[in-house]
Structure formats: C-alpha cells, structure tokens
Amino acid sequence: MGRAGLARGLAHGPLRGGGFVLAERRCPRPILPPALVTAPRFVAVLLAAFGYYFAAFGALPALATWMQTGLGLASPAVSLVLVAQLVVFVAVSGLVSRHLHALHPAWTLGVGTILVGVGALTATAVAGRPDWPVLLPFLVLSGAGAGVVSPVLPAVAIATAPPHHAGAAGGAANAVRQLGLTLGVAVCGTLTRTSTAPRMSLACAACALVAVTTGALAVRLLRRTGGG
C-alpha cells in the first residue's frame, strides 16, 4: 500500500465511522447506546484494544519483510525469531490470566498496553544495530503486554455495558482491536516501503507512540472512573 492508498484509507475510515455514529444516533434501538459509547470506562477499553493490537502485531509483517530483504534471513529463520512473541504471549496469558481479573483494569489494560509500547520503543534500536537479536526485547515485552491485556479485555468491555448490551460491547471491543491491527499493518507497511533499518526504526517508533499514548489515556480514564 502506497501513501495514496493509506491516505484514502485514513480518510474513508473516519467518514464511515461518522456515518455509522449518525445512523446509530437516529435509530430508535441502536446497537450501542450513545451513553455507553461516550462513557469514559468504555472509551478506555476501546483505546487499549486499539493501541495494543496496533503496536504488538501491526509491525510483524514489516519486520518479517525487513528480516528477509534487509538481513537476508530465510523464511524459516524469520518464523523462529517472531515465534518468540507467541511463546511469551501464551506463557503469560496461561500462567497469570486467572489472577488478572482481580486487578484494577487500569493496571491490566492500561499498563499492559504501555508495556507493549515500551517494547516497540526498544525495537527502534535497529537503526543503529540492524540485526535480529535487537528485536527480541520488543517481541518479549509485546508478548507479555498482550498476554496481560487479551485475557481481561472482553470481560472488562462487557462489564462496562448494561446486560442487554453486553454482547454488543464485547463485539465493539473486538472490532476496534481488529481496526488497530489493520491500521498498524497499513502504517508500518507504508513507513517501511524501502525495508531499511532506519525506516523499520521509524515504524517501531510509530507503534510505540500509539501504544504508550492509548495506554496512558486508558489508565487515566479508568482510574478517574474508579471501580474494579
């Protein structure tokens, strides 16, 4: 996807989203009530869902391409490098998921998303040292952060909504998560069109900015509204 395609996508997305919001506001029985969409806790859930998926997984296709074209790694070797994130994700979510629901959502959703952003920030070091081991801190930290956020995100999203809108709230959180992934792939792919280490570093910096910003906002909103 080139810059023109990315620009069209970024322009059409808000327009379609705005159209959906207008249609929902006029509908006598909207899928999601306006009061829920503007509720700080629900907004915090959506921010975390978007940010951690954007930063943790949006850069992976670009990283894979860079390791193949820039470092000369074969596809099996690239897969072995990237699988580190999956291993950490499964380990963290499997070992601590049952304890995460007892924590305040600000620490699971917000801080977990920030952890993903910190991991992406470490990957900007590829500009000075273009080699695959530099990516390991990112893969470990992003896997850990995603492993914290993913198990609790659906439950927190559902808990923010009235019982008759719980399913729609969970679906909205998942949709925003997929939106984060889609835009993350698009943005990182556009920033790394030349697959050089400095361009890869720029893409990782963008991921870090998105995750740290959305995570910090989620922490602020969740702590302001209180509740567990």
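Phe 57 sits in helix 3, which spans residues 40-57; helices here are DSSP runs of H or I with at least four residues, numbered from the N terminus. The model is predicted, so local features need pLDDT of at least 70 and side-chain atom pairs count only at pLDDT 80 or more, while totals for chains, interfaces and linings use all residues. Residues are numbered from 1 along each chain as its sequence is written, and side-chain values use heavy atoms, with hydrogens and water left out.

Let's look at the neighbours of Phe 57. Leaving aside residues up to four places away in sequence, Phe 57 touches Tyr 52, Gln 85, Ala 146 and Leu 181, where contact means heavy atoms within 4.5 Å. Along the chain, Phe 57 and Gly 184 are 127 residues apart, yet 7.5 Å separates their C-alpha atoms.

Now for the rings. Searching the whole structure turns up 3 aromatic pairs. Rings of Phe, Tyr and Trp (its six-membered ring) pair if their centres lie within 6.5 Å, and planes under 30 degrees apart count as stacked, over 60 as edge-to-face and the rest as tilted. Two of these pairs are set out below.

| Pair | Ring centres | Plane angle | Class |
|---|---|---|---|
| Tyr 52 and Tyr 53 | 5.1 Å | 75 degrees | edge-to-face |
| Tyr 53 and Phe 57 | 4.9 Å | 75 degrees | edge-to-face |

Ring pairs join Tyr 52, Tyr 53 and Phe 57 into a cluster. Tyr 53 and Phe 57 are 4 residues apart in helix 3, so about one helical turn separates them. Are these side chains buried or exposed? Both Tyr 53 and Phe 57 are buried, meaning under 20% relative accessible area, with exposed being over 50% and partly exposed in between (1.4 Å probe, protein chains only). Tyr 53 has a relative accessible area of 16%, and Tyr 52 is buried at 0%.

Elsewhere, two helices pack together. The axes of helix 7 (residues 136-159) and helix 8 (residues 166-191) come within 7 Å and cross at roughly 140 degrees. Axes are lines fitted to C-alpha atoms, for helices over the stretch in contact, and angles run from 0 to 180 degrees between N-to-C directions. Helix 7 and helix 8 are therefore oblique to each other: angles under 35 degrees count as roughly parallel, over 145 as roughly antiparallel, 65 to 115 as roughly perpendicular and the rest as oblique. From helix 7, the contact uses Ser 150, Leu 153, Ala 157 and Ile 158, and from helix 8 Ala 166, Ala 169, Gly 170, Ala 173 and Arg 177.
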